[in-house]
Amino acid sequence: MKIKEIRVIVASPGRNFVTVKIITDEGLYGIGDATVNGREKAVVAYLEDHVAPCLIGRDPMQIEDIWQYLYRGAYWRRGPITMAAISGVDMALWDIKAKAANMPLYQLLGGASRGRIMCYAHAQGRTIAEVVEAVQEKREQGFAAIRAQAGVPGFESIYGIRKDKKKLTTLAKALPVEEVWSTSEYLRHIPKVFEKLRDVVGWNTHLLHDAHHRLTPIEAARLGKELEPFRLFWLEDAVPAELPEGYRLVRQHTTTPIALGEIFNTIWDARQLIEEQLIDYIRTTSVHAGGVTGLRRIFDFASIYHVRTACHGPTDVSPVTMGTNLHIDLWVPNFGIQEYSGYREATHEMFPHAWSWKGGYLHPGEAIGHGVDIDEAVAEKYPYKRAYLPVNRLEDGTLWHW
Ligand code: GCO
Ligand code: MG
């Protein structure tokens with residue numbers, strides 16, 4: 001079998017997705033996701049101009065060799081664009097291999113280690129009352145784990161919370177929306193949110209929170225400590241992870257579990273955090289951390305250190321990544337949880353998939369391959385639209401982490 005054609009499809013069924021389609025001379029094809037939210041076109045150029053020409057004529061069964069060829073062979077290693085391109089190719093190749101083997105991908109990985117995959121939903125609100133209502137709604141839908149994000153009094157919009165959705169959409173078409181942030185106000189407010197949530201929901205629902213990279217280590221330590229009475233499932237991305245040893249300080253002060261890694265691209269980004277047991281959950285996902293090949297390596301390494309998996313699964317990773325993650329989730333012995341924030345109808349329409357969601361649980365399905373396809377005719381109806389993530393500033397105008 002040989003790789004005959006590689007198509008890179010960019011479409012925006014509500015948000016932009018970059019999809020790789022690898023077609024073989026035997027008619028089998030595979031699909032991969034290569035989306036980097038807000039920088040989509042860079043991956044398209046990387047794939048079309050630099051990767052595709054090198055792969056035509058190669059044996060698609062040589063997944064490991066192709067992975068190494070694209071990783072080591074580029075000389076310029078790692079980074080989100082390179083790794084998203086490698087991930088897209090890798091997912092498509094595993095899809096082809098599993099189709100050729102006539103089995104669902106999870107069987108090729110070693111089979112199912114569990115019957116269903118626990119996922120967590122997103123609940124957010126501007127006021128505490130709104131958050132409580134949003135969490136209750138997710139509980140009624142059957143979610144056993146819910147991430148709660150709350151507005152901070154006096155601030156119009158922060159990560160996960162927007163005052164005026166319409167305004168954001170209009171602005172997002174042009175340039176990044178700018179938000180304003182105060183760590184001290186946030187730190188004062190968040191413990192109150194979780195105190196109220198525990199009062200209302202009791203102890204049978206897992207509660208999670210994402211600090212979205214905004215704190216310093218000692219601030220994160222304080223937040224973790226103050227949230228201890230409310231027994232969070234985790235506190236996510238408390239501190240930007242460029243300085244992994246910064247997390248030692250967080251660990252010294254709190255037993256609140258720590259989750260990290262949605263923006264990591266390789267095992268090297270996660271190595272020290274895992275080795276020193278500075279985190280409890282590793283958030284790498286198939287589209288940004290090297291596809292099935294990259295993720296499997298990171299997760300096996302994490303298992304030695306009692307670190308569990310928690311694949312990133314927001315709306316900006318496509319249903320192809322979701323499907324691929326679910327096969328890994330079903331197999332991986334050290335599974336923790338899967339993020340699932342759902343998709344718009346148009347996204348489901350563009351990516352027909354075998355995976356399914358019921359209550360708070362997901363399953364990859366029994367279709368051969370990873371079970372996710374792309375409907376190219378539907379994709380044509382939704383052309384790419386330039387869009388950015390917001391940026392964040394402190395009250396005095398200093399650019400901060402978003
Ligand atoms: C999460 C993430 C996302 C990111 C988004 C950026 O935990 O789901 O933090 O919401 O902000 O993926 O593109
Ligand atoms: Mg996050």
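Colleague: What makes β6, β15 and β16 an open sheet?

Modeller: In this predicted model, the 3 strands line up as β6-β15-β16 with mixed pairing. Strands here are DSSP runs (E, at least two residues), numbered from the N terminus. β6 (178-181) and β16 (399-400) are the edges, each with a single partner strand, so one side of each lacks a neighbour in the sheet.

Colleague: How do you know that β6 and β15 pair?

Modeller: Pairing takes at least two DSSP bridges between two strands. β6 and β15 (residues 391-394) have 4 bridges, in the parallel sense, so by that definition they pair. E178 sits opposite V391 in β15.

Colleague: Good. Why is the H212 approach to ligand 1 called a polar contact?

Modeller: The term needs a pair of N or O atoms within 3.5 Å; within protein, one must be able to donate a hydrogen and the other to accept it, and residues adjacent in sequence count only if both atoms are side-chain atoms. A polar side-chain atom of H212 is 2.8 Å from a ligand 1 oxygen, so the pair qualifies. For D316 the value is 3.0 Å, and for R283 it is 3.2 Å.

Colleague: How much of ligand 1 does the protein bury?

Modeller: 89% of the 340 Å² that ligand 1 exposes when taken alone, by Shrake-Rupley with a 1.4 Å probe (for residues, only the protein chains shown count as cover).

Notes. Residues are numbered from 1 along each chain as its sequence is written. Chains are lettered from A and ligands numbered from 1 in the order in which they are written. This is a predicted model: local features need pLDDT of at least 70, side-chain atom pairs count only at pLDDT 80 or more; totals for chains, interfaces and linings use all residues. Side-chain values use heavy atoms; hydrogens and water are left out.
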